[in-house]
Amino acid sequence: ILRYLERYARPQDKLYPDPPPLRARVDELEALFDSVLGVESRRWFYFQYRRQPASAILRLIAQRVPAHERLLARWLLWPMQEFAKKRLNISFQTVEAGLEQVRQVLARTDALLADGRRYLLGDRFTAADLSFACLMAPFTLPRRYGVWLPGPEELPAAMRTTVSSISQSPSGQHAIRLFEEERPALSPCR
């Protein structure tokens, strides 16, 4: 989607830089974030949130959907959870292994950010920053995500420690800052 939209972006709004070496680095980070953060953040969130009351889960997954879809979600919640469990191979072992992979990615992004730069690569916001911030959302719970996310106090206890630790890391702070500074304010949804 980003590559398609790139064709229509003004030069100053392009998410993929023109110099081929920098573009290759953006592509590399974007692929890493997709394959590790994209999978492992979902796996972790589904594993941890699965024991929440159905009303809490539905509040999260049935936002900004028509009433008939909200009703359908109530009936399909259990089959959807079972599908996610199988599709993402969700178990305690896979979640723990995935969190270790996430920590390795965060060590890499922490190292990139250690020199005080504002963006992961180059001097402007790129697809690498966008992918990183969005895929970190389950770990950082940004206020400007676009849909309501639970606050730390609303999370199951087992999630709070991970969210706190990641949110306070340089990479977590970077992801949160990107939502605060790069995303326009949206009307809240409940």
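In the predicted model, L99, V102, L106 and T109 of helix α5 meet F132, M136 and F139 of helix α6. Sorted by type, the residues of this contact between α5 and α6 comprise six nonpolar, one polar and no charged.

The two helices that carry these residues span residues 92-113 in the case of α5 and residues 127-140 in the case of α6. Their axes lie 13 Å apart, and the packing angle is about 135 degrees. This angle makes α5 oblique to α6, because a value over 145 would be needed for roughly antiparallel and a value from 65 to 115 for roughly perpendicular. The crossing in which α5 passes α6 is left-handed.

Two loop residues were examined for their backbone angles. Most residues other than glycine have a negative phi. N89 is not a glycine, yet its phi is positive, at about 50 degrees. This residue is placed in the loop between α4, which covers 67-87, and α5. The relative accessibility of N89 is 48%, so N89 counts as partly exposed; the exposed class begins over 50%.

A positive phi of about 50 degrees is also found at L141, again a residue that is not a glycine. L141 belongs to the loop between α6 and α7, the latter helix covering 157-168. With a relative accessibility of 12%, L141 counts as buried, because the buried class takes in values under 20%.

Note on methods. Residues numbered from 1 in each chain as written. Predicted model: local features only at pLDDT ≥ 70, side-chain atom pairs only at ≥ 80, totals over all residues. Heavy atoms only, no water. Axes fitted to C-alpha atoms, helices over the stretch in contact; angles between N-to-C directions. Helix = DSSP H or I, 4+ residues; strand = E, 2+ residues; numbered from the N terminus. Parallel < 35°, antiparallel > 145°, perpendicular 65-115°, else oblique. Left-handed = near helix turned anticlockwise from the far one by under 90°. Contact = heavy atoms within 4.5 Å. Nonpolar A, V, L, I, M, F, W, Y, C, P; charged D, E, K, R; others polar. Buried < 20%, exposed > 50% of the residue type's maximum accessible area, 1.4 Å probe, protein only.
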